[in-house]
Amino acid sequence: MAQIHALRRVASLLLTPLEPEDVLGLVNPLASYRQLRGIVTQVTEETADSRTIHFRPGRGWNPHDAGQWARIGVEIDGVRHWRSYSLSAPEGADPAITVTAIGVVSTELVRRTKLGDILFLDVPQGDFVLPRHPRPLLMLTAGSGLTPVMSMVRTLIPRRPDADVVLIHSARTRVEALFHDELLELADQFPALTVKHWFTREGQGRRLDLTEVTDLETVCPDWRGRAAYACGPADFLDAAAALWESELAAEADDAAEALMIERFAPVLLPGAAGEGGLVTFEKSDKEVETPGDCSLLDAGEQAGVVMPSGCRMGICRSCLTPLVAGRVRDLRTGEVHGDEGELVQTCINAPAGPVHLDI
Amino acid sequence: MTTTAPPPQRTEARPRTPVLASTGHPAVRPPTAAHLSDEQVAQLGRELDAIRDRVLASRGAKDARYIRRVIKVQRSLELAGRVTLLFSRRKSALIAGTAMISIAKILENMEIGHNVLHGQWDWMRDPDIHSTTWEWDFVSPAQTWKHTHNDLHHTWTNVVGRDKDVGYDLLRMDEEQPWTPFALGNPLYNLVLMPFFEWGIALYDLELEAWRTGEKSSDELKRDLRLTAKKALHQFTKDYAATPLAAQLVSRSGRNALIGTFTANCIRNAWAHAVIFCGHFPDGVDTFTEEMIEGETRGDWYIRQMIGSGNISGSPLMHLMTGNLSHQIEHHCFPDLPSNRYAEVAPHVREICERYGLPYTTGPLPRQVFQAWAKVCRLAVPPQGLGPWLREELHARFGSGSPTRLPKRAVNAAPPTVRRGAAPLVAHVL
């Protein structure tokens with residue numbers, strides 16, 4: 001290690017202002033000291049609209065815990081876009097994301113990704129992970145919300161015969177259901193897993209009704225005794241949260257502990273936006289007139305500023321940026337706040353008048 | 001213990017660039033554009049904005065591939081050149097290595113560094129090719145250069161007294177700059193500046209003049225000095241210590257490697273110097289007074305950039321090696337458009353110039369370089385000519401009995417104007 005360090009120093013002397021990695025990058029695209037990258041090793045078709053993309057990450061990647069997500073950067077027409085995706089591969093395996101073609105970035109990933117492509121990466125994050133101690137579990141997922149749970153199932157089921165997992169997955173139809181056959185096979189092979197598919201548009205199909213307990217009681221009578229994990233669209237999660245709150249508030253001390261939720265989008269307060277303003281990115285020497293419903297993060301990215309970002313929904317705080325002057329409005333609550341020097345979350349704050357950011 | 005000063009209190013948005021008037025006209029419109037009405041100037045501004053918008057809307061994967069390819073070629077050349085120099089005992093290796101490093105350095109400074117630092121590629125959002133992270137193979141640190149170049153030069157283009165690039169506080173490059181005996185050295189300074197251009201720019205970027213007049217604080221100067229010293233040390237070590245030492249160890253060719261890196265730096269410096277002097281100093285390129293920018297509108301700003309810059313005509317290879325500064329006019333109108341797109345907007349800009357009766361200065365490199373040098377030499381001489389000045393000087397110093405005689409032709413010319421406050425009193429007769 002010491003020798004490598006010394007060699008690096010010598011190489012730096014000869015290459016400045018470049019770093020040795022810049023030159024190595026000529027032959028190895030994963031060598032970059034500024035940005036973590038991964039090379040696509042396999043692309044699998046899951047459904048007509050979704051693909052699982054396996055990749056081998058470069059140095060600096062941390063192995064993920066089942067259920068975590070990572071930011072993935074994709075280049076679309078020359079411009080870098082970042083989105084967060086749950087990792088669907090089990091713990092210990094090379095990472096993979098399962099993407100459904102909804103939105104510009106996901107569609108690009110699904111339609112264009114091929115073997116050998118380079119993805120830009122950030123390390124895995126998130127606390128939507130398996131409990132530390134064995135407990136009976138209930139997984140409640142809808143649509144692409146299955147991906148983090150799939151990682152948990154793949155991690156837990158083959159290794160822990162004593163596990164007890166019920167997975168209720170809601171999808172529109174059988175052909176649109178992610179990992180349908182694999183789940184059935186796993187359930188077949190391991191008694192630890194019970195899978196209940198719920199199809200909303202097949203036969204007498206209707207949506208899984210979480211506004212009251214009937215559906216849940218039918219599919220999983222002992223749901224009250226299980227630690228629950230839910231992931232899916234916002235209204236699905238809101239209903240689940242409300243149900244757990246009303247049904248289990250008396251029994252569990254903390255309903256939030258009985259039900260873990262993973263969201264894909266921030267919960268914005270309708271009408272929270274107000275007047276926008278001119279946003280100035282001081283170090284980047286850029287300014288952009290920004291409407292009151294546009295986040296500082298989006299404004300910066302549009303102006304070509306390299307903004308730090310993470311979950312893009314106000315949770316992970318990777319986007320914190322010092323405010324130099326001005327006030328910002330939290331799009332989740334409508335609250336106007338901001339003091340000089342305060343670190344603001346750019347992903348869920350919009351300008352409330354002229355704003356200067358130290359980036 | 002160090003104490004950090006609290007950040008300056010700011011509560012209002014500050015403009016990043018001087019605010020341009022939305023209507024009207026400057027206090028004085030430059031003579032070259034004096035024939036244009038306010039409405040014509042506004043229309044010209046809109047037409048150039050439209051050109052810019054067209055390119056912005058069509059930037060994409062092709063442009064991204066272009067800059068990445070140039071970077072790849074440049075890095076490969078740099079690496080191959082340096083490795084070749086390790087074996088430069090052989091003359092062929094010395095020549096090949098020096099040539100490769102020279103080209104790599106020119107590409108790095110001109111087409112890559114200069115343009116990346118302008119933010120031309122920021123739209124890609126790639127932190128590896130971004131104006132805020134890029135450091136270039138040049139003594140002047142990116143940060144200080146961006147200030148004097150992007151903020152000062154590009155904002156105040158050719159406004160005598162504001163744009164210090166008019167002569168770099170060293171050369172007398174405009175008639176409006178007062179002549180002093182120091183200017184006699186113009187050609188000599190320029191000759192020395194040429195092979196050591198990067199050191200000249202590094203010194204210039206420290207803005208010692210601004211510090212002396214109090215425009216730049218001592219803290220800022222200290223910070224810039226620290227940055228520059230560190231950068232200069234790295235650059236110097238790489239080319240003049242580490243590479244020769246490595247070559248000495250590998251094949252005992254340290255001396256030749258040193259000759260190679262020194263020559264490569266000189267070649268790059270001379271080239272950059274030539275290209276940059278073609279940008280604003282050849283014949284036909286205007287300079288401006290402060291009244292001409294007072295109340296300047298967007299259209300007037302464009303006009304100043306166009307008539308204050310000069311292009312170099314040539315092949316695509318010439319454009320690449322000049323970092324597309326051969327399209328200086330287009331670069332000054334649109335400093336943050338990707339450089340590979342200047343060639344396609346150039347005919348449109350030229351057509352606009354022709355239609356509005358504005359000059360569009362361009363010419364082959366040798367001619368433009370010659371004109372710039374001619375100006376350097378011409379302006380070394382005092383306005384009244386060298387002979388009269390010498391006589392005045394001798395008279396003032398040694399007080400010979402006969403008073404200065406005006407040249408014959410001045411007798412019937414307009415009455416001599418007298419420069420106030422200057423001793424000895426000199427009649428302007430040119």
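Buried means under 20% relative accessible area, exposed means over 50%, and partly exposed lies in between, with a 1.4 Å probe and protein chains only. Good morning, colleagues; the model I present is predicted, so local features need pLDDT of at least 70 and side-chain atom pairs count only at pLDDT 80 or more, while totals for chains, interfaces and linings use all residues. Residues are numbered from 1 along each chain as its sequence is written, chains are lettered from A in the order in which they are written, and side-chain values use heavy atoms, without hydrogens and water.

I begin with chain A. Its secondary structure comes to 9 helices and 19 strands, taken as DSSP runs (helices H or I, at least four residues; strands E, at least two). Of its 359 residues, 52% are buried. Along the principal axes, the C-alpha atoms of chain A fill a box of roughly 65 × 50 × 40 Å. Among contacts (heavy atoms within 4.5 Å) in chain A between residues at least 6 apart in sequence, 64% join residues at least 24 apart.

I turn now to chain B. Which helix of chain B gives the most to the nonpolar patch? Helix α5, residues 186-193, does so, with 3 residues. Phe262(B), in helix α9 (residues 254-280) of chain B, has a relative accessible area of 39% and is therefore partly exposed.
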